[in-house]
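Please find below a colleague's note on the structure under discussion. The points may be read alongside the sequence and the coordinates.

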Amino acid sequence: MAEIKLENVVKNYGKLEVVHGINLDIAHNEFVVLVGPSGCGKSTTLRMIAGLEEITDGEISIGPQVVNELPPRKRNISMVFQNYALYPHMSVRENLGFGLKIAKQSDAMVEERVGEAAEILGLQELLDRTPAELSGGQRQRVAMGRAIVRHPEAFLFDEPLSNLDAKLRVQMRTEIKKLHQKVKTTVVYVTHDQVEAMTLADRIVVMKDGWIEQVGTPMEVFNHPVNTFVASFIGSPPMNLIPATVEGAEIVFADTTRLPVPARLESHISDGQKVILGLRPDDLTPEGHGIIESGQKASMQLTVDLAELLGTETILYTQINGQEVLGKMFDPREVEPGESMSFNISLDKVHLFDAETQKSVRLG
Amino acid sequence: MSRINKSIPFWRREQFTPFLLLMPAILILLLVVLLPLLFSLYTSFTGYRLIRPDSLYNWVGFRNYERIFTNANFWYAFGRTVLFLTIALNLEFLFGLGIALLINKITWGQRTLRTIMMFPMMFSPILVGYQFKFIFNDNIGILNNALQALGLSDGAIPWLVDKQLAMFSIIFAEVWMSTSIFAILLLAGLFAMPRDPLEAAKVDGCNPWQVFRHITLPFLMPFAFIAMTIRSLDVARAYDIVDVMTGGGPAGRTELLWTLIARVGYDNSRMGQANAMAYVSILLSIAFTYYFFRKLIAARRYMGGAD
Amino acid sequence: MDTKLKKRIGKIVSWLLTFLLMLVICIPGLWVVLTGFRPNREVLAKPAIWIPEELTLNNFAQIFGFGAEQIAIPVPAYFTNSLIIALTSTAIALLVGMSGGYAFARFRFKYKDTLFLGLMLSRTVPGIALSLPVFMIWSRIGLIDTKPGLIIVYVALNVPFTIWLIDGFFRQIPKEMSEAAQVDGCTRWQAFWKIEFPLAKSGIASAGIFAFLTSWNEYALASQLTRSTDSKTLPVGLMDFTAQFTIDWAGMSAMAVIIIIPALILTFIVQKHLISGLTFGGVKG
């Protein structure tokens with residue numbers, strides 16, 4: 001159990017730099033999720049922590065030790081791979097015990113640890129099978145079992161759920177969460193799925209193009225995205241981003257629709273500033289169908305192009321400023337395409353980003 | 001580049017490992033192939049004869065090349081070799097394709113058929129040559145015996161003596177030996193073929209020929225090119241066959257580049273000249289291989305193969 | 001009804017064609033094998049004797065020196081030479097090929113494609129063309145007519161193709177296997193021997209069989225680089241028969257059987273892996 005520290009970590013492939021000097025402190029027993037679109041450097045970062053990729057520059061330490069030059073086996077970490085990487089020529093028992101056998105642990109010790117891991121993950125019945133005889137979820141469990149038998153300093157997960165079907169993914173997600181509560185350890189988890197990130201993480205690290213965009217708890221990242229990328233990446237359906245201009249105390253869209261500037265953001269903007277308005281679908285709700293109807297509000301008459309029924313809520317496709325904008329209708333009723341409705345906008349939840357820097361105006 | 005790399009000796013660095021692993025392979029090929037080839041390149045510019053060792057230092061410039069390029073026999077052998085390869089490879093491809101399609105249709109005993117099909121591939125070329133020398137023998141060969149027994153011919157047909165027939169016989173032996181590599185790889189291609197495009201084409205209204213022409217064949221081409229590439233690696237195996245069956249004779253009628261090289265080099269001991277010819281044959285082989293290898297790469301891209 | 005009939009005819013035609021094909025493939029070999037068990041006078045008989053009247057092991061006994069008549073060709077020596085040369089060169093080629101194939105399968109490095117192409121091109125050099133300079137050099141350094149001389153050449157002959165095949169087999173094993181083993185505490189070396197090697201074992205074995213057969217069957221180089229019973233191999237020995245005044249067809253066929261048998265057995269063992277190796281290495285490159 002240890003903290004992990006990344007200091008100005010850079011990774012080059014030849015002349016191509018894929019990770020540009022990132023800094024990250026992961027606390028003891030913390031569950032940190034690296035999330036971002038493919039090619040953002042999250043897997044490379046994880047593999048550098050594991051020692052599977054050389055570090056071009058910077059420093060990584062696990063616990064008190066700088067591990068830059070240590071091979072994976074000396075870092076005392078364990079890793080769950082996307083395709084599980086179970087050894088096909090070994091039984092589940094041998095797969096689980098392999099790491100301990102390599103470390104020349106006694107047979108009794110190996111048996112005890114394997115038994116312990118099998119119990120935690122419910123693998124007792126499967127110990128004598130080979131990986132080929134297991135289902136996807138069972139393989140996933142064996143891969144996790146292989147990680148926990150060694151009582152490592154940290155678990156690394158590389159998109160472990162992306163090969164599972166949707167239902168199993170949700171189930172395994174909760175199992176991973178429970179596992180972390182049972183086996184308290186530092187976890188670094190890589191995924192491209194923001195839902196996984198939100199549900200699992202103590203802290204989320206949002207990455208893009210080899211840079212860290214934002215680090216924070218799921219709530220922080222969701223409620224205070226630092227830029228338009230994080231804003232649109234976290235949350236589903238994604239946040240609506242609409243360009244506009246500040247004119248006095250109003251935000252004016254190109255089609256001259258206007259909204260009052262939210263009181264809490266007044267001090268952060270200046271007259272004539274080009275901005276992007278960020279509005280989550282949850283905060284654009286038809287009159288009488290919102291969750292929270294208090295606070296500073298504005299209303300707008302909008303035409304619904306399409307209604308997508310999800311059961312407890314309906315996603316409404318409408319247009320502001322000629323741009324497709326999504327709203328949500330809670331406690332829904334039947335909506336006809338083309339119907340004009342009065343929408344409430346919760347101004348307390350609205351985000352404003354500078355059009356030029358794409359950064360939240362709150363950051364100056 | 002950075003402080004990390006400086007502390008590790010260069011031969012333990014990650015980027016050096018593959019070269020370390022490849023070192024034995026590179027060394028042995030350097031020693032047994034590249035170095036001798038450089039030596040023979042030199043020799044091809046000398047008047048070296050085996051019986052007169054000091055002639056190794058007798059520099060003659062391009063005289064060997066001039067001599068072979070103005071020699072009608074060389075050009076006959078060269079032309080015959082190219083013709084031989086073209087006919088043999090095309091026949092092998094066509095037969096291989098036919099056989100693959102045939103076996104693909106058959107469900108019962110397919111594995112056995114496939115195994116039997118592989119046997120010729122594993123035969124020593126020298127055996128194939130011997131086998132057909134025996135079969136095509138004008139006096140006691142099974143072929144003439146059979147023709148006579150069936151009353152189709154009364155005389156002894158000189159399969160290995162007549163100019164055209166001898167060429168036919170060695171092509172037959174070559175095709176017999178090497179068709180299976182095409183058949184097997186194309187069959188593997190047929191097995192790997194996804195069903196969806198076939199069904200889509202049928203739904204789109206293609207007749208069986210159109211399906212074959214526009215879907216199956218393009219999919220099979222990379223497999224055909226692998227076979228071609230593998231084949232072009234050892235086209236010169238035909239030397240063994242010809243050497244046993246006719247020895248290039250009678251009177252040079254089945255002389256290929258390779259048998260000519262052996263004759264000039266070892267029998268006439270004109271090493272310099274033989275090496276000049278050898279270089280022509282090497283370039284010919286490389287040209288064949290390179291051509292098919294490029295085709296293979298192109299076909300692979302077209303199929304969207306991995307990097 | 002019409003289509004049913006058509007289908008049935010199609011089926012019969014394809015069966016007939018297959019039957020014909022198998023005849024063309026099998027009869028030449030079988031005829032040689034049969035001849036190996038017949039006395040020479042029956043082979044030479046005119047008109048031909050189709051159904052063997054007498055089968056005998058005499059030809060084999062003779063070429064191995066047990067027969068009543070002694071023949072001048074020392075087949076046992078050739079057989080031993082062939083076996084030693086083929087086995088040794090295969091073992092070395094496998095080691096070299098495994099290390100090279102692993103490099104191509106697992107690493108990205110500069111000049112990778114060029115190097116691969118170079119290796120393959122080295123294999124295209126016709127045996128007879130290569131034999132000229134090798135003959136000249138080997139004569140000077142005393143490797144001519146020795147087993148090591150031929151073994152070295154065969155290793156070089158086999159390395160490119162062995163690398164191609166083994167590269168393909170290693171590529172079929174996900175890279176994560178070795179990485180997982182390294183995270184589990186293995187050195188790269190241990191990860192290779194405990195995880196990757198066992199998984200590629202059967203493929204490597206078939207590459208080995210292929211290399212063995214190439215050496216076992218090779219003629220062009222052996223015919224020039226060997227001279228005496230010290231190093232002559234079976235294919236070269238087979239040609240000894242034709243040098244005699246009358247060709248001993250039966251004896252030659254018996255010798256052919258001896259050359260064929262290992263090839264047949266090994267082909268049978270290796271066929272499945274060989275196909276997958278060839279196609280994988282080529283298509284997924």
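Predicted model: local features only at pLDDT ≥ 70, side-chain atom pairs only at ≥ 80, totals over all residues.

The numbered points below take chain B, chain C and chain A in turn.

1. Chain B contains 13 helices and 0 strands. Read from the N terminus, its elements accordingly run α-α-α-α-α-α-α-α-α-α-α-α-α. The radius of gyration of chain B is 25 Å, well over the 19 Å that the globule rule gives for 307 residues, and chain B is therefore more spread out than a compact globule.

2. Of the 307 residues in chain B, 44% count as buried. When contacts between residues at least 6 apart in the sequence of chain B are considered, 67% of them join residues at least 24 apart.

3. Chain C is assigned domain 1 (2–60) and domain 2 (75–283). The centres of domain 1 and domain 2 of chain C, taken over C-alpha atoms, are separated by 32 Å. Contact between the two involves 11 residues of domain 1 of chain C and 9 residues of domain 2 of chain C.

4. Which elements give two or more residues to the side of domain 1 of chain C that touches domain 2 of chain C? They are α1 (2–36), α2 (40–44) and α3 (58–63) of chain C. The largest share of this side, 5 residues, is supplied by α1(C). Classified by residue type, the side of domain 1 of chain C that touches domain 2 of chain C has 5 nonpolar, 5 polar and 1 charged residues.

5. Chain A holds an open sheet of 6 strands with mixed pairing, in the order β6-β7-β8-β3-β9-β10. At its edges are β6 (77–80) and β10 (211–216) of chain A, each of which pairs on one side only. From one strand to the next, the twist averages 15 degrees.

6. In which sense do strand β3 and strand β8 of chain A pair, and over how many bridges? Strand β3 (residues 31–35) and strand β8 (residues 186–191) of chain A pair in the parallel sense, over 5 bridges.

Technical notes: Residues numbered from 1 in each chain as written. Chains lettered and ligands numbered in written order. Helix = DSSP H or I, 4+ residues; strand = E, 2+ residues; numbered from the N terminus. Rg over C-alpha atoms; globule rule 2.2 N^0.38 Å. Buried ≥ 20, exposed ≤ 12 C-beta atoms within 10 Å, placed from the backbone. Contact = placed C-beta atoms within 7 Å. Domains from an automatic or database assignment. Nonpolar A, V, L, I, M, F, W, Y, C, P; charged D, E, K, R; others polar. Pairing = 2+ DSSP bridges. Axes fitted to C-alpha atoms, helices over the stretch in contact; angles between N-to-C directions.
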